[in-house]
Amino acid sequence: MNEIQELRGVVAELSRKVRALEDQAEIAQLVAQYGPAVDSGSGEAAADLWTDDGAFDVVGHFRMQGHEDISGMVHGDGHQHLIRNGCAHVLTVPHIEVDGDRATGRNYALNIRWDPEADRFRVARVSANAWRWKRTAQGWRVVERVNANLDGSPEHRRLLAPPADRASD
Amino acid sequence: MNEIQELRGVVAELSRKVRALEDQAEIAQLVAQYGPAVDSGSGEAAADLWTDDGAFDVVGHFRMQGHEDISGMVHGDGHQHLIRNGCAHVLTVPHIEVDGDRATGRNYALNIRWDPEADRFRVARVSANAWRWKRTAQGWRVVERVNANLDGSPEHRRLLAPPADRASD
Amino acid sequence: MNEIQELRGVVAELSRKVRALEDQAEIAQLVAQYGPAVDSGSGEAAADLWTDDGAFDVVGHFRMQGHEDISGMVHGDGHQHLIRNGCAHVLTVPHIEVDGDRATGRNYALNIRWDPEADRFRVARVSANAWRWKRTAQGWRVVERVNANLDGSPEHRRLLAPPADRASD
């Protein structure tokens, strides 16, 4: 192997590593945009984080599918009431596992609300989140987000289990 | 184009991507240092996260400008009282948009306090944060942080809107 | 210096930067796995985040050492009671400082619990965390995690101080 072939091999390996880092960073930034989008009432920006037919399942409440459902939720009375009172959808850094053009992850979401009557904030909901993402021509997008209250239900906390443990259930 | 010119092009593109990743990582780490600095009472370390004349605007309360203002706040009676009682300034991962040597971002800050009388912690404040950062000879620094309570005020939650949506307001 | 030597130098510098980014990303993901592991009851997955003889010090309560101690805590009555009621161990993004094959960091942990009687969530504990990590043949692992309640104790909040400030105490 000549010098340039050797160097080309090093560069190819480096390119692979950089792409893996970009995938991680881009997916983490996708998740970091959800809260600010919905809490500022930016329904289209929130919907754009999903694929065209992406799903958002709030277990026990409702399941949205597609951009119209998601932006409709943000512009709807329930959500508008929340943000007019003062509300934060705080998502934590997900654990991300990338497999080619697909990825899965898990993290927490905190829903914190201002309670004007009690003159204080309340942690209204803490939930387990399981994510599926997909690489598209426009970058990584959410294929499915399952959001379930951490209220003691075994199937809700199982959403947080490492993939290997979930498979062996 | 000969082989080495071609490879040089690949390496240049890779260098650009690595720099973009470094910018993201460095800014995220800058934000991750704020809470630990102020909650340990390290006023100079907190101030050093800003440019020399950087601003920190706590909307409705006060606006600090420059290192002396910021370290003065940390060493001041109000903040010292907080940390002596037990206090956590928890910042979430920001959404970051880099444009050359400037960057903007948005995230949440939670202010959680130990209440010795009630023998429990309380979420005292949840706020929207809008950031401007700048690349300096010493690395990325905060140019301005605007911190506004998520109490339902429209102009406060607008701090969380995607830049495109804010521009079209 | 000929063209290929020059390019090899650029690639070597790039490799160093990519490795630094990988270290940061891998350690951040290690921390992101703790909460989901323990809140899903995956004791072995939690223990595997540590080195074989890694330590986990919950200041004022107990100190675990080695995988058996850590998985034993997860499978034990106290923790099982917590997660059956509904519980979230929410860790924030650590500030990370890498020095060769060792790294240190600091962040927050929130322990949020569902209180079925009051029909609401409560922030049960907010703590300062100081971490030591080590690069092993299997990747980065936790050597020691010290977790201390932010209840106003000076030595607890000092865990959050920048290394330089801690040294000068």
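The following legends describe close-up views of a predicted model.

Local features of the model are given at pLDDT of at least 70 and side-chain atom pairs only at pLDDT 80 or more, whereas totals for chains, interfaces and linings use all residues. Residues are numbered from 1 along each chain as its sequence is written, and chains are lettered from A in the order in which they are written.

**View 1. Relation of chain A to chains B and C.** Chain C is superposed on chain A by a rotation of 120 degrees with 0.0 Å of shift along the axis, at an RMSD of 0.0 Å. These two copies are thus related as by a three-fold rotation axis. For chain A on chain B, the rotation is 120 degrees, the shift along its axis 0.0 Å and the RMSD 0.0 Å. Superposition is by least squares on the C-alpha atoms of residues with pLDDT of at least 70 in both copies.

**View 2. The side of chain A that touches chain B.** Contacts (C-beta atoms, placed from the backbone, within 7 Å) join 34 residues of chain A to 29 residues of chain B. At least two residues each come from α1 (3-39), α4 (77-85), β3 (87-91), β5 (102-115) and β6 (120-136) of chain A; helices (H or I, at least four residues) and strands (E, at least two) are DSSP runs, numbered from the N terminus. The most is given by α1(A), with 18 residues.

**View 3. The surroundings of A:Gly60.** A:Gly60 lies in the loop between β1 (50-58) and β2 (62-65) of chain A. A:Gly60 counts as exposed because it has 11 C-beta neighbours inside 10 Å, the limit for exposed being 12 or fewer other C-beta atoms within 10 Å of its own, with C-beta atoms placed from the backbone. The C-alpha atoms of A:Gly60 and A:Ala148 are separated by 7.7 Å, the residues being 88 apart along the chain.

How values were computed
Two residues are in contact if their C-beta atoms, placed from the backbone, lie within 7 Å. A residue is buried if 20 or more other C-beta atoms lie within 10 Å of its own, exposed if 12 or fewer, and partly exposed in between; C-beta atoms are placed from the backbone.
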